[in-house]
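My entries follow in the order in which I made them.

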Amino acid sequence: MTANDCERPVPFATEIQPRSGSLAESTADLLVLPVLSGDGGPAEVEGVAEGGLTQVLPAPLGDLFAHYSLTGKPGELAQFPVPRDQGLVRLALLGVGSGSPDDLRKAGAALSRAARGRERAALAWPGVGGDAATAFAEGALLASYTFSLKTAEPPADKRPAPVVEVVDPGAGDLADALERGTRLAAATALARDLINTPSMVKDPAWMAARASEVAADSGLQVRVWDEAELERDGFGAILAVGRGSSRPSRLVQLSYTPENPTAHVVLVGKGITFDTGGLSLKPNDNMSLMKTDMSGSAVVLAVLSALSAVGASVRVTGLLALAENAFGGDATRIGDVLTTYGGTTVEVLNSDAEGRLVLADAMGYAVAELAPDVLVDVATLTGAAKVALGTGTGALYSTDDALAAEIETAGRASGEPLWRMPLTEEYVETTESRVADLANIGTRREFGPAGATDAALFLREFTGGVPWAHLDIAGPGRSTKESGLLSKGGTAFATRTLLRWLAER
Ligand code: BES
Ligand code: MN
Ligand code: ZN
């Protein structure tokens, strides 16, 4: 397998198309009627089943709702054949809940999964607004995302439908809203492709090369530090983490500079291209999905790639802190002390707590050299965050209430929930080392195993007082099953949240 095997020209097998007119005229082989969940039970959307369509329904819609016990809850489906000119086609009743963006995102995902094996699906749009159409497109496209290195083609009934039409009699701002959803989904798919790429292909230099390609395609400035340049400039932590690997570390800086920017945001992504744990070697089970440990860097790259498409007016710098955490003969030993960018010394008491080390270098550099107004990092940082919140919710730590609230709001609008966690002040002693400024794991067991908070408190030492948010996505960063918007493997969680946040800032 070579590097190019993992690239794809178009991110999705499915294309979303807005169309004006009525569903009765559609030549699609899957016709979809939305069902709202009203106070008094399921409710049809006025006018969607008119014309030739009413005549082919086996019964009035109300009777069909009752027959299939529909409630209209988002994603609910009932399907049956109806006669059309070209023969029998399938008609689906699709629950769209209240018509909120969240509900339409779920409905879009369900539609897209139901449309597998079909040529063209057409949904009569319930006319519930632009944000809902954006969310619908996200759901429909992301549920059609698959990553496969199988040599056999997928079976015909598993292949995503090439086209999903959204049919709106008015077709007002629908096209723009669907386009926005497509951009958000495409950024997510870009990150998922990188996350799902096996680590035999994906090393730090490979990630840096992909970042440079994306930068060229998206009009971003890019700078890459190789191992000699990292040494020269004092990135002692990124180097120490990569020392045990034959594939040397990299740091990538990407810059998005709109005209008259309103502020400067720096995003930092953890980019461990494989995490064995280093000399503090992980047991088998814990290592099995560690090719996804560069999710933070993939998310940051994907966000940067789409900023101009979503019209962001803030200046954004992305930093990808890339290293492979392996255990070769020159690997960082337990008790070694490294010096981060900016001069802080850190005792490595566990080489498996490597994410906070590479982030510390990049954050130290950001604060010293880039004059950020806001600093945000994204990382699959701790198993503890996953234990605390599971795979559905990301952990959010922040030194700034307004910033935390903005990011939480963007997360809610994106269907990527984040829960704010406390930077408990008494626990700060846990970052103390006997010999260095800091230790890389919690050293004060009397505070209990608050692993996610220990890591966040460690990172806070490198923020220089700049308003900062930390997204620990170890839980929701990957999925073991195909469901809703998620595909197996990397989820690229936080991509859409950060894009929404930056587009609105
Ligand atoms: N990459 C892991 C965290 C992780 C765990 C991500 C599970 C996704 C799923 C991280 O580098 C790590 O190993 N953290 C350790 C820290 C500990 C040694 C203090 C952990 O969480 O166990
Ligand atoms: Mn680790
Ligand atoms: Zn890790």
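**Entry 1: Asp275**

I began with Asp275, which lies in strand β10, residues 264–275. Helices (H or I, at least four residues) and strands (E, at least two) are DSSP runs here, numbered from the N terminus. I noted that this is a predicted model, in which local features need pLDDT of at least 70, side-chain atom pairs count only at pLDDT 80 or more, and totals for chains, interfaces and linings use all residues. Residues are numbered from 1 along each chain as its sequence is written, chains are lettered from A and ligands numbered from 1 in the order in which they are written, and side-chain values use heavy atoms, with hydrogens and water left out.

Is Asp275 buried or exposed? Asp275 counts as buried, at 3% relative accessibility. The cut-offs are under 20% relative accessible area for buried, over 50% for exposed and partly exposed in between, with a 1.4 Å probe and protein chains only.

I then listed the contacts of Asp275, leaving aside neighbours within four places in sequence: Lys282, Met287, Met290, Asp293, Asn325, Asp352 and Glu354. Contact means heavy atoms within 4.5 Å. A polar atom of the Asp275 side chain lies 2.9 Å from the backbone nitrogen of Gly277.

**Entry 2: the UniProt records**

I looked up "binding site" in the UniProt record, an unreviewed entry, and found Asp275, Asp352 and Glu354 listed. These three span 80 residues in sequence, yet no two of their C-alpha atoms are more than 8.5 Å apart, so they gather at one spot. Of these residues, Glu354 is included in the lining of the largest cavity. A cavity is a set of points, on a 1 Å grid over the protein atoms alone, where a 1.4 Å probe fits but cannot get out; lining residues have an atom within 4 Å of a point.

The unreviewed UniProt entry also places the feature "binding site" at Lys270, Asp275, Asp293 and Glu354. These are spread over 85 residues of sequence but cluster in space, with a largest C-alpha distance of 11.3 Å. UniProt positions are in the numbering used here, feature names are shortened, and annotations may be inferred rather than shown by experiment.

**Entry 3: Glu354 and Asp293**

I found Glu354 in the loop between β13 (345–347) and α11 (355–369). Glu354 is buried, with a relative accessible area of 0%. Not counting residues up to four places away in sequence, Glu354 touches Val241, Lys270, Ile272, Asp275, Asp293 and Asn325. The side chains of Glu354 and Asn325 are joined by a polar contact of 3.5 Å. A polar contact is a pair of N or O atoms within 3.5 Å; within protein, one must be able to donate a hydrogen and the other to accept it, and residues adjacent in sequence count only if both atoms are side-chain atoms.

Asp293 sits in the loop between α9 (284–287) and α10 (295–306). Its relative accessible area is 2%, and Asp293 is buried. With residues up to four places away in sequence not counted, Asp293 touches Lys270, Gly271, Ile272, Asp275, Glu354 and Thr380. Which side chain makes a polar contact of 3.2 Å with that of Asp293? The partner is Lys270.

**Entry 4: ligand 1**

Of the 16 residues around ligand 1, I noted Lys282, Asp293, Asp352, Glu354 and Gly383 as those that come nearest. A residue is near a molecule if one of its heavy atoms lies within 4 Å of it. An oxygen atom of ligand 1 lies 2.9 Å from a polar side-chain atom of Glu354. A polar backbone atom of Thr380 is 3.4 Å from a nitrogen atom of the ligand. For Leu381, a backbone N or O atom lies 3.5 Å from a nitrogen atom of ligand 1. The protein covers 78% of the 520 Å² of accessible area that ligand 1 has on its own. Accessible areas come from the Shrake-Rupley method with a 1.4 Å probe; for residues, only the protein chains shown count as cover.

**Entry 5: positive phi**

Most residues other than glycine have a negative phi. I found a positive value at Ala371, near 45°, in the loop between α11 and β14 (374–379). Ala371 is exposed, with a relative accessible area of 61%. Ala494 also has a positive phi, near 95°, and lies in the loop between β20 (489–490) and α15. Ala494 counts as buried at 1% relative accessibility.

**Entry 6: Leu499**

Last, I checked Leu499 in helix α15, residues 495–504. Leu499 counts as buried, at 1% relative accessibility. Leaving aside neighbours within four places in sequence, Leu499 is in contact with Leu184, Ala187, Val303, Ala306, Leu307 and Val310.

Key. 1 Å grid on protein atoms, 1.4 Å probe; cavity = no way out; pocket = protein on both sides within 12 Å on 5 of 7 lines; lining within 4 Å.
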